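Subject: Structure handover, with notes on what was found

Dear colleague,

Here is the structure I promised to pass on to you, together with some notes that can be read beside it. Please open it first and keep it in view while you go through the rest.

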Amino acid sequence: MASTIGNISKVPELRRRILFTLACLAVYRIGVFVTTPGVNRVEMKNVISQGGSGSFLGLFNMFSGGALEKLSLFALGIMPYVTSSIILQLLTVVVPALDRLNKEGEQGRRKINQYTRYGCVIISLVQSFFIATWLESLGRGGLSGGAAEVVANPGWGFRLMTMLSLTTGTAFIMWLGEQITERGIGNGISLIIFAGIVAGLWDALIRLWQVQKMGDFTGFDVLLIAGVVVGTVAAITFFERGYRRVPVQYAKRLVGRKMYGGQTTHLPLKINTSGVIPPIFASSILLFPSQIANMAGMGWLHTIADALRPGDWRYEFTYVLLIIFFCYFYTAVIFNPVDIADNLKKHGGFIPGIRPGKKTAEYIDRVLSRITFAGALYISFVCMLPVLLQSKLKVPFYFGGTGLLIVVGVALDTVQQIESHLITRHYEGFTGPKGPRIRGRTSARPR
C-alpha cells in the first residue's frame with residue numbers, strides 16, 4: 001500500500017486530479033457552516049436532534065452532511081439532483097422521445113443531463129419553499145409546540161430569501177460535482193454524498209468513547225462492535241463486487257479473407273444491480289406518513305404513523321418488503337434482458353445451450369431474478385443493522401443502512417478510478433502485480 005501511494009505521487013496528472021478533488025470537497029465542507037439568513041441555527045439543531053437519527057429529518061441531515069441542522073446554504077445537499085436524475089431515468093423507460101434521445105450517444109446524454117439540471121433547480125425551489133414554510137410553523141406552535149423560534153422575521157421576504165439561498169447552494173454543489181467528475185478523480189456527485197456521510201464519523205467515535213468512559217460499555221462490548229463494523233464492511237465489499245458470469249460465445253464469421261469471432265467471454269450480472277435506490281425509496285415512503293400526519297393533524301393518519309415508526313416490528317417488516325420490491329422494480333427499469341439478447345444476436349453472440357433471441361432473454365431474466373433476490377436480502381440485512389445495534393447493543397450512533405452502502409460503494413469506485421490511472425501509466429494497482437483488480441459498482445446512480 002505504501003508503494004501504491006508513492007506511485008500516485010509519481011503521476012502528475014493523477015496527483016493534480018486528487019488534489020483538485022480534495023480542494024472541491026474542502027469547499028463543500030466549508031459551505032456547510034454558512035447559515036441561511038434569518039435562521040437561528042442553535043434552535044434548528046435542537047429540532048433535528050429531537051427527531052433522532054432514524055427519523056426523516058435525521059436521514060435528510062445525514063445525507064446533507066449535517067447541513068440541515070445548521071440550515072446552511074447547502075441544507076438541501078445534492079439530493080435534488082439525485083432525485084431529478086432518478087426521475088429522468090424512469091421517464092426514459094416510459095417516454096419514447098427520451099428513450100430515443102438516450103440511444104443517440106454522447107449528444108443525447110448531454111441533452112438528458114441538461115434536463116436533469118433543470119429538474120434539479122425546479123425540485124430545489126419547491127423543496128426550499130416547503131422548508132421555509134415549515135420553519136415558520138416552528139415558531140407558531142408547529143412541530144415543536146412553539147418552544148423553538150427558528151425564524152426571527154417570518155414572511156414572504158424570508159421565504160423568497162430561503163428559496164434563493166438553498167437553490168443557489170444546491171446548484172453550486174451540482175457544479176462542484178460536475179467539476180470533480182471532469183477535472184478530478186471522477187464520480188463527483190457520489191463523492192460529495194460520501195464526504196457528507198463520512199463527516200459524521202468522528203462525532204460517532206467521540207460519542208462511543210464517552211459512553212465507554214462512563215462505564216456503560218465494557219472493553220469486550222467495544223471489541224464486539226468493532227468486529228461487527230469490520231464484518232459488515234467486508235460483507236458489503238464482497239456483495240458489491242459479486243457477479244454472476246453468464247458464458248457468451250461468438251460464432252466465427254468470414255469477412256473477405258479474414259476470420260472474425262470465435263472467442264468466448266461472459267456477461268457479468270451484478271448481485272446488487274439496483275444499488276442504493278431501493279432503501280432510499282423504501283425509507284422515503286415509510287417516513288412520509290408521519291410527516292403528513294404532523295402537518296394535517298388527522299387522527300387516522302396519526303394511527304398509521306404510530307404503526308410505522310422506526311423500531312416497531314410493523315415498520316421493520318414493511319421496510320424489508322419494500323426493499324425487496326424496489327430491488328426487483330428498479331432492476332427491471334434499468335436492465336432490459338430483451339435488449340441484451342438482441343445485441344448478442346446482432347453481433348453473432350449466444351449463450352451455449354440457449355437459443356438466440358427470446359429464449360436468451362428469458363434465460364437472462366431468470367438468472368437475474370434469482371441473484372436479485374439474494375441482493376435484496378443482503379441490502380435488507382444491512383439496512384436492518386442499525387436497529388439491531390441500537391436495540392441489542394445500545395450503540396449510541398447510527399451505523400449501517402443506506403449511508404454505509406453509499407460509503408463503501410463510492411470508496412470502491414474511487415479506488416477503481418485511481419487504479420485505472422496507475423495501470424494506464426504502467427504502475428502496479430492497489431493489490432500488486434499478481435493481485436486481483438479492484439472492481440467498483442456499475443449501478444445506475446448519478447455520477
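Before the first residue is discussed, one term is needed: a contact means that heavy atoms lie within 4.5 Å. Please also keep in mind throughout that this is a predicted model.

With that term in hand, let us begin with T92, which is found in helix α6. Which residues does T92 touch, once those up to four places away in sequence are set aside? They are L98, D99 and N102. Within its surroundings T92 is buried, with a relative accessible area of 10%, and its side chain reaches the backbone oxygen of L88 at 2.6 Å.

The chain as a whole

The chain has 447 residues, of which 45% count as buried, and it contains 18 helices and five strands. Its accessible surface comes to about 23000 Å², and 64% of that surface belongs to carbon and sulfur atoms. If you take the contacts between residues at least 6 apart in sequence, 71% of them join residues at least 24 apart.

Aromatic rings

A pair of aromatic rings is described by the distance of the centres and the angle of the planes. Two rings are counted as a pair here if their centres lie within 6.5 Å, and by this rule the count comes to 11 aromatic pairs. How are the rings of Y28 and F74 arranged, stacked or edge-to-face? Their centres are 5.9 Å apart and their planes stand at 15°, so the pair is stacked, given that planes under 30 degrees apart count as such. This pair links distant parts of the chain, with Y28 in helix α2 (residues 12-31) and F74 in the loop between α5 (67-70) and α6 (79-94), 46 residues apart. Y28 counts as buried at 1% relative accessibility, and F74 counts as buried at 5%.

A second pair, F325 and F326, is edge-to-face, with 5.1 Å from centre to centre and 65° between the planes. F325 counts as partly exposed at 48% relative accessibility, whereas F326 counts as buried at 10%.

Going back to Y28 and F74, you will find that they form one aromatic cluster with F172 and W175. There are also places where a charged residue meets a ring: R159 lies over the face of W156, at 4.7 Å from the ring centre, and the charged end of K270 sits over the ring of Y243, 5.0 Å from its centre.

A buried isoleucine

I192 lies in helix α10 (residues 188-198) and counts as buried at 2% relative accessibility.

Strands of a sheet pair through backbone hydrogen bonds, either parallel or antiparallel. In this model an open sheet of three strands has the order β4-β1-β5, with antiparallel pairing. Strands β4 (264-270) and β5 (349-350) stand at the edges, each with a single partner strand, so one side of each is left without a neighbour in the sheet. Over how many bridges do β1 and β4 pair? They pair over seven bridges, and in β4 the bridge partner of V246 is L267. Strand β1 (residues 243-250) and β5 pair over two bridges, and in β5 the bridge partner of Y250 is G349.

Two backbone angles to look at

L71, in the loop between α5 and α6, has a phi near 45°, a positive value in a residue other than glycine, and L71 is buried, with a relative accessible area of 0%. N187, in the loop between α9 (156-183) and α10, likewise has a positive phi, of about 55°, although N187 is not a glycine, and at 4% relative accessibility N187 counts as buried.

Note on methods:
Residues are numbered from 1 along each chain as its sequence is written. This is a predicted model: local features need pLDDT of at least 70, side-chain atom pairs count only at pLDDT 80 or more; totals for chains, interfaces and linings use all residues. Side-chain values use heavy atoms; hydrogens and water are left out. Rings of Phe, Tyr and Trp (its six-membered ring) pair if their centres lie within 6.5 Å; planes under 30 degrees apart count as stacked, over 60 as edge-to-face and the rest as tilted. Helices (H or I, at least four residues) and strands (E, at least two) are DSSP runs, numbered from the N terminus. Buried means under 20% relative accessible area, exposed over 50%, partly exposed in between (1.4 Å probe, protein chains only). A charge sits over a ring if NZ of Lys or CZ of Arg is within 6 Å of the ring centre and within 35 degrees of the ring normal. A polar contact is a pair of N or O atoms within 3.5 Å; within protein, one must be able to donate a hydrogen and the other to accept it, and residues adjacent in sequence count only if both atoms are side-chain atoms. Two strands pair if DSSP finds at least two bridges between them. Accessible areas come from the Shrake-Rupley method with a 1.4 Å probe; for residues, only the protein chains shown count as cover.
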